[in-house]
Structure formats: C-alpha cells, structure tokens
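Here is a short briefing. Look over the chains first, then read the points below.

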Amino acid sequence: MASNRSLVFAFGMCVVCGFGLTLAATVLKPHQLRNQRVDQQRNILKVLGVTDPNQSYSADAIDDYYQQSVQKRYVNDQGQVSDQVSDRPIYLLVQNNTLRAYAIPISGAGLWSTLYGYLSLEADGETLRGITFYQHGETPGLGAEIDAAWFQSNFVGKKIVDANGTFTSVGVVRGAVVDSISPDQRMHYVDGISGATVTSRGVDTLLKTDLQRYEAFAKRLRRKERVI
Amino acid sequence: MWRRIKSSQAFAVFTAPLSIKNPVSVLVLGICSSLAVTIQLKTAVVMVLAMTVVLTFSNGILSSLRKIIPKNIRIIVELIVIASLVIVADQCLKAFMFDVSKQLSVFVGLIITNCIIMGRAEAFALANNPWLSVWDGLGNGLGYGIILIVVGAIRELGGAGTLWGISVMPEAVYDMGYVNMGLMVYAPAAFIVIGLMAWLQRTIISDMRKGS
Amino acid sequence: MKFLYRRLQALAPLFEKGGRFERLYPLYEAVVTIHFGSSDTTRGRVQVRDALDTKRFMILVIIALIPVTLFGIYNVGYQFYAAIGEPASFGSMVMKGLTVFMPILLTSYAVGGFWEVLFAVVRKHEINEGFLVTGLLFPLTLPPTIPLWQVALGISFGIVIGKEVFGGTGKNFLNPALTARAFVYFSYPAYLSGEVWTAVSSSASRLVGYTSATPLGVAAATAQPQAVTDALSEAGYTVMHCMIGLIPGSIGETSVLLCLVGAAILIVTGVASWRTMVGSVLGVVVTATVLNGLVSDTTIPFLGMSPLWHLVVGSFAFGAVFMATDPVSSPDLKPSKWVYGFGIGVLTVLIRVVNPAYPEGVMLAILLMNVFAPLMDYSVAEYRVRKRIPNGL
C-alpha cells in the first residue's frame with residue numbers, strides 16, 4: 001500500500017510544517033506591525049521637519065518623537081478635524097497645544113509608477129513646509145530625482161494661494177523657474193526635472209488634486225479659525 | 001589536521017561550488033534573484049544569508065528524510081520543506097530587518113523558486129548523507145553569495161557611489177564632473193557584470209586546465 | 001611610397017615569428033595593409049573571393065560618412081553662435097565646431113583603438129578596420145555637450161561588450177556604435193536629453209528666449225488643442241529646415257539631405273543594402289499613417305505627426321542609412337532585409353509617439369531588430385529549404 005504510506009507521510013509533513021509556520025507567524029507578528037508603524041512615522045516626522053534627514057534615528061526614538069508631537073486625525077467634508085475615519089487622514093504637528101504644521105499623504109501617476117509620499121504645510125494653511133516620496137519606480141537619474149534634496153527643498157516656502165487668497169496649487173515648470181515665470185508668480189512654481197517631463201508633470205498634477213482634497217481644511221486655517 | 005580536512009569529502013563538496021562548480025557563474029542557476037537584489041550591497045548580503053540558511057537547512061532536512069520520503073510525492077515534499085523555510089526566513093526579516101526586507105520585497109519569497117535550492121535537493125541531498133548535504137548547501141549558498149556580493153558591490157559603487165549605504169566616492173570626483181552610472185541601477189547591468197565574471201572565471205579555469 | 005615600403009619590409013623580421021615584437025604583429029600588419037594591399041592569399045580550398053575585403057569595405061563607409069561629418073562640425077558652430085546671439089563668419093563657426101568635435105572623435109578613436117589592438121594582440125588576429133567606422137559613427141550620434149570621459153566609457157563598452165565578447169568583428173549581433181550610445185544613454189540619461197543639443201554650457205550664457213529644443217522635443221511636448229505642425233512651425237521648424245539640417249540635434253544626425261548623399265554612395269558601391277533602407281522608410285510611413293488615423297481630441301497631438309515629418313526629424317535618416325545597414329548586425333537574405341528594415345521603421349515611430357519616456361526611438365528600434373536578425377535569416381532559410389523538391393521524385 002504505497003499510496004497509503006504517501007498519504008500518511010504527506011499529512012504528517014503538512015501538520016509539522018503548518019505548526020511551525022503558525023508558530024513563527026504568531027511570535028513575530030507584533031514585531032512586524034511595529035516595524036511598519038515606525039516606518040510610516042519616520043516618513044511623517046521627516047516631512048514635518050521634526051527629524052534631521054541627515055541623521056539616523058532608532059525605532060524607539062522615532063516612536064517617542066511621534067507620540068509626543070504628532071496626532072493622526074481625519075478631515076471631514078466641512079474641513080473639520082475629527083477622529084471619525086475618512087479617506088483624508090491628516091498628521092498634525094502639535095507643540096504646546098498649538099498647531100505648528102500638518103502633513104497629508106500624496107500619491108499620483110509618474111512615468112513608470114505611482115508616486116507615494118507626504119506633503120507638509122505650515123499652520124498658516126498656505127505655505128509648503130516639505131515634501132517627501134517614500135515609494136516610486138522612476139528612471140534613475142531622471143524621474144528618480146524627485147528624491148533628490150535639490151528638488152524637495154525647491155518646495156519649501158512656496159505658496160498654494162495667490163495674493164487674493166484663491167487656491168492655485170504649486171506648479172512644476174519645465175526647466176528652471178527663473179527662465180519662464182515672472183518674478184511676482186515665482187512663489188507658486190518650482191523647477192522641473194530636466195529630461196523627466198512626465199514625472200514633473202505627474203508631481204504637478206498630484207499636488208493639485210491632493211491639495212484640493214484638503215482645501216476646506218486649509219481655508220479654515222487661513223481664516224485663522226481654531227482647528228484643534 | 002589541515003591536510004586531513006583538505007582531503008576529506010566534505011571539504012571537496014564544500015569548495016567545489018565556490019569555484020569550478022559555481023552555481024551562478026558556471027552553472028548559470030539562480031540568475032533571476034542575482035539580477036533583482038544586487039542594486040545594493042546590503043540587500044545582496046541579506047539575500048545571501050537568507051538563501052544560504054534556507055539552502056543549508058533544506059539540504060539537511062531533506063537528506064535526513066531521504067530514506068522515508070515516498071518517491072511518488074518526492075517533489076511536493078521538497079517544495080513543502082523549502083517553502084516553509086522560506087516563509088520563516090521572510091517573516092524573520094520582516095520582524096528584525098524591516099528596511100532590507102522592504103527593499104527585497106517579493107524576492108525573499110521567491111527563494112522558493114530559486115533553481116539552486118530545488119537543484120541541490122534533487123541532485124545532492126536525496127542521494128547523500130546529511131553531513132555532506134549540509135556542506136553542499138553551505139558551499140552552494142556561499143558560491144551564490146560570492147557572485148551576488150561582488151555584483152552588488154560593483155553595482156552600488158557604480159550606480160550610487162556608495163558601499164553599504166556609506167558614501168565612498170570622494171566629493172572631489174563629483175566636482176570634476178563624474179556622475180553615477182544610471183545603467184548600474186537597472187537589472188541588465190547585473191546581467192553584464194555576471195557575464196563578465198563568468199568570462200573571467202572560465203578563462204581562468206581553462207588556463208588552469210591547460211597548465212595542469 | 002617605395003621608400004616607405006622598403007622601410008616597412010626592413011622592419012618585418014622584428015614582428016614575424018621569433019622576432020622581438022612578435023606579439024605586436026597585428027599592429028605591424030595593420031600599418032602595412034593600410035598603405036599597401038594585403039599579400040595574403042587563400043590557403044584553403046576556397047578559390048573565389050570578393051576583391052572587396054573588410055578593409056576596403058570599411059573605408060567606403062567612412063567616405064560615405066564624410067559629408068555628414070563635415071556638415072555636423074559646421075552645424076555645431078552654427079548652433080553655438082545662434083544660441084549666444086552673435087553673428088559669426090563661416091570660418092569661426094567651423095573652428096568652433098572643430099574644437100568641440102575633434103576631442104570627442106579623438107577620444108573615441110584612441111580608446112576604441114586601444115581595445116581593438118589589445119584584443120588583436122591577445123587573440124593573435126589582425127586588427128580590423130571596423131573600429132574606424134564604429135569610432136566615427138559613435139561621436140556622430142552624441143550631443144556636442146557630451147563629456148569626454150563618457151565618450152571613452154561608451155566606446156569601451158561598445159567595443160568590448162558590443163563586439164569583442166562575442167569574438168570580434170563579424171561575430172557581434174549588435175551594432176557596436178549603437179551599443180556604445182545605448183550605454184551612455186542609460187548610464188547618463190541627463191546628458192542625452194533635455195537642453196544638451198547646443199554647445200553652450202550654462203543656461204545663463206544662452207540668449208534669453210532661445211531654446212535648443214529639437215523638433216522631436218517640440219513635437220513630444222505639444223499639448224492639446226495645438227496641432228504638432230503648428231507647434232513645430234511656431235518653434236521655427238519647417239520640413240525644409242530639417243532636410244538641410246541647420247537645427248539642434250546629435251552632431252551628425254541633423255542633415256537628412258547629406259544622409260541621402262551617404263546613402264547614394266553606400267548603395268552605388270554595394271556596401272549597404274537599399275532594401276533595408278527602403279524597408280525602414282516604408283515602416284515609418286505605414287505606422288505614422290495608421291497612427292494619424294487614430295487621432296481624436298483626447299489623444300496626444302504627437303499621434304497626428306505626418307509620415308513626412310517623421311522621416312525628416314530626429315536621427316531616423318542617419319540611423320536607417322548608416323546604422324541599420326551594418327552588414328554584420330543586419331540580416332543577410334533579401335526577404336529578411338525587407339522585414340528587418342520595416343520593423344525598424346515601425347518601432348521607431350511607436351517608440352517616439354507611444355512611449356512617453358524616449359523622445360527618439362531609432363537607436364532602440366535598430367538594436368531590437370539587430371537581435372532578431374539571425375532569427376529572420378533562419379526562418380527565411382528554413383522556408384526555402386522546405387519549398388525545395390526532394391531529389392528523385
């Protein structure tokens with residue numbers, strides 16, 4: 001009865017391996033969840049400017065910083081911050097009970113891939129504070145320059161509204177801003193990446209759409225309403 | 001003592017895959033992962049560790065079970081053992097080396113399909129005793145490792161100017177107009193580097209044969 | 001000449017077997033045969049040989065390249081003075097062109113020659129003149145702003161990986177010059193795209209309002225509702241401009257007219273196949289026409305670029321004449337030459353229009369079809385064999 005022996009053996013193998021795998025998964029699960037959480041926290045702290053990008057931090061330090069200063073909340077249709085889960089998460093940097101800055105998740109199509117990142121704004125609701133991308137598959141040397149310090153520091157201090165308070169977003173131009181944009185408009189534009197037109201345009205579009213989604217909240221900040 | 005080690009069968013089994021029977025550059029196995037994970041030295045090293053551990057254990061386990069595994073379900077049993085080991089390795093990486101496991105993404109899981117592992121199980125472990133099989137697994141893992149680590153070092157140095165994430169290209173070189181080689185970041189670069197290594201190795205081996 | 005011959009003969013014992021420089025014999029042989037014909041005769045059973053050996057063959061290609069090269073040198077100078085907005089004489093434009101082009105060419109020849117000699121010495125075969133062609137073709141496909149160290153790396157890659165690893169001239173399946181360019185393109189993309197087509201280094205010294213966008217760059221950047229033709233004429237390009245070639249682009253690619261002169265030389269001397277060239281033109285015309293038919297309000301305007309425009313812009317003419325017809329990497333049989341050329345045309349247009357990442361598709365199209373060339377020859381041969389009526393029936 002060779003086939004009987006095979007069945008018994010197969011069954012035995014399955015039980016042994018299944019038991020081993022379950023054990024490994026259960027024991028390791030908490031570690032894995034924490035890693036994922038810290039990874040996200042790391043990116044948010046970076047875009048909020050809490051951590052120094054040139055320094056490395058331990059997982060515990062990140063967790064501490066995050067717990068101390070960042071609150072994850074959600075924005076509803078009226079632009080109010082609440083704890084009710086919506087598709088508009090927001091990360092508030094609160095120090096001494098005042099809002100210093102906030103970060104929002106951004107994503108959109110690049111050339112080869114979807115770009116994922118975070119964008120942070122000052123508490124005035126109109127000035128960009130930082131941008132970071134944590135996942136993309138763009139061409140090294142061209143589109144992947146969205147990771148470069150020169151490109152990301154481009155955004156700092158740019159305004160998403162014009163002098164009248166109308167939403168304009170921040171545009172990514174072809175080439176350098178100084179070549180194509182008049183001086184009074186330059187606070188709404190950043191330099192594009194040479195040779196990476198599609199990726200630059202992708203960043204332009206994703207900023208427009210994602211900033212628009214949080215516009216109701218930003219408006220309240222600009223009217224100096226109390227949001228938290 | 002050294003002479004006794006050198007003349008032992010285990011020694012021969014262990015060292016052959018490091019040079020003349022190298023799984024990657026001579027037998028051209030396991031190429032897929034060599035292309036995918038060698039952008040950085042760190043990912044290459046972690047991959048090699050995971051691979052070597054899985055290979056050594058799978059060889060050992062399968063070899064000790066070789067007399068009781070029914071022949072008609074041989075392949076599926078090999079797969080169960082290998083798959084379980086790979087999943088455990090993957091889970092451990094996720095728990096303890098999160099950054100690297102994020103970069104390795106699916107490729108740890110794909111160790112299951114790495115031809116070297118099934119190949120060694122079929123060709124060696126099922127026909128030899130556990131002692132030799134473990135040495136064979138270790139040797140093949142490291143033979144795979146040598147190639148991956150060299151390719152990873154070349155690609156990271158060329159593509160990013162760093163090694164193990166630490167910048168080693170002096171700033172002065174960049175000031176002189178040097179830029180990182182974008183090609184090195186693409187998978188085809190690994191193909192070219194492995195090809196050149198295979199060329200070099202075969203030339204050396206054939207010279208050795210002529211010499212002896 | 002006689003004097004030179006005697007001098008060289010006197011040196012011969014040094015290089016022949018047992019001589020002091022025995023290992024360098026390929027070098028000596030190259031010098032002799034470039035001045036005097038080869039004295040080698042067939043030793044095997046093959047009796048009939050073409051008088052056109054590789055050496056003469058390659059020299060003919062170089063002659064065909066002379067018009068585009070000279071024009072390229074002039075155009076580099078012309079574009080330079082146009083960019084900085086200074087009037088300049090013909091002489092100073094040529095001088096400027098020479099100071100830009102000659103270093104690139106010399107680097108390419110010196111480094112390429114080094115590898116060629118090295119492999120010839122190690123493998124003990126003759127130095128092949130193929131590198132004279134490769135070493136000239138490669139610089140002609142580069143923008144004038146290319147750094148010299150990239151030229152050196154590129155030609156090394158082209159010669160070693162594109163040719164020597166497969167056994168040297170005649171055994172390579174990719175065009176070495178294009179392999180070199182592809183290497184530079186993927187390694188240093190920022191140096192082969194964007195604002196690199198004029199020899200002006202910084203944008204500060206560039207005339208305000210002057211743009212060095214190539215016709216293809218303009219066409220690819222056109223957005224709805226503007227039509228490609230309007231955008232091109234707005235940027236100052238007409239079909240005539242592109243034919244003559246006083247436009248920014250890679251050094252040797254801009255003048256379609258002179259590429260045609262080169263094509264005439266190559267076809268008359270029997271070096272290149274007219275089938276490949278005509279096939280690729282057909283490929284472009286058919287594909288562009290089909291794409292034209294798909295145009296609607298929501299598609300990118302580039303889709304509507306007419307076949308005529310596709311033929312004159314970019315490096316299509318240069319690639320189809322000088323690169324696609326490379327006798328080693330293109331197929332040998334007549335039907336496969338048609339298919340091969342046609343494929344190049346189709347892929348060129350598709351890569352240009354449909355793929356947003358690469359503004360120009362000729363290089364990738366030719367390399368890809370190079371890979372298929374042996375398969376095409378094989379299929380045609382198989383087909384013919386199968387049609388044969390067996391003996392004795």
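Chain C is divided into domain 1 (54-191) and domain 2 (213-247 + 272-385), with bounds from an automatic or database domain assignment. This is a predicted model: local features need pLDDT of at least 70, side-chain atom pairs count only at pLDDT 80 or more, and totals for chains, interfaces and linings use all residues. Residues are numbered from 1 along each chain as its sequence is written, and chains are lettered from A and ligands numbered from 1 in the order in which they are written.

**Domains of chain C**
- The C-alpha centres of domain 1 and domain 2 of chain C lie 22 Å apart.
- Domain 1 of chain C gives 18 residues to the contact and domain 2 of chain C gives 16. Two residues are in contact if their C-beta atoms, placed from the backbone, lie within 7 Å.
- On the domain 1 side, α3 (54-84) and α7 (176-187) of chain C are the elements that give two or more residues. Helices are DSSP runs of H or I with at least four residues, strands are runs of E with at least two, and both are numbered from the N terminus.

**Contacts between chains**
- Chain A brings 18 residues to its contact with chain B, and chain B brings 16.
- Chains C and B meet through eight residues from each.

**A strand pair in chain A**
- Six bridges join β5 (residues 114-122) of chain A to β6(A), and the strands run antiparallel. Strands pair if DSSP finds at least two bridges between them.
- Gly117(A) stands opposite Phe133(A) in β6(A).
- The hairpin of β5(A) and β6(A) has five residues between the strands, and Gly125(A) takes a positive phi near 75° there.
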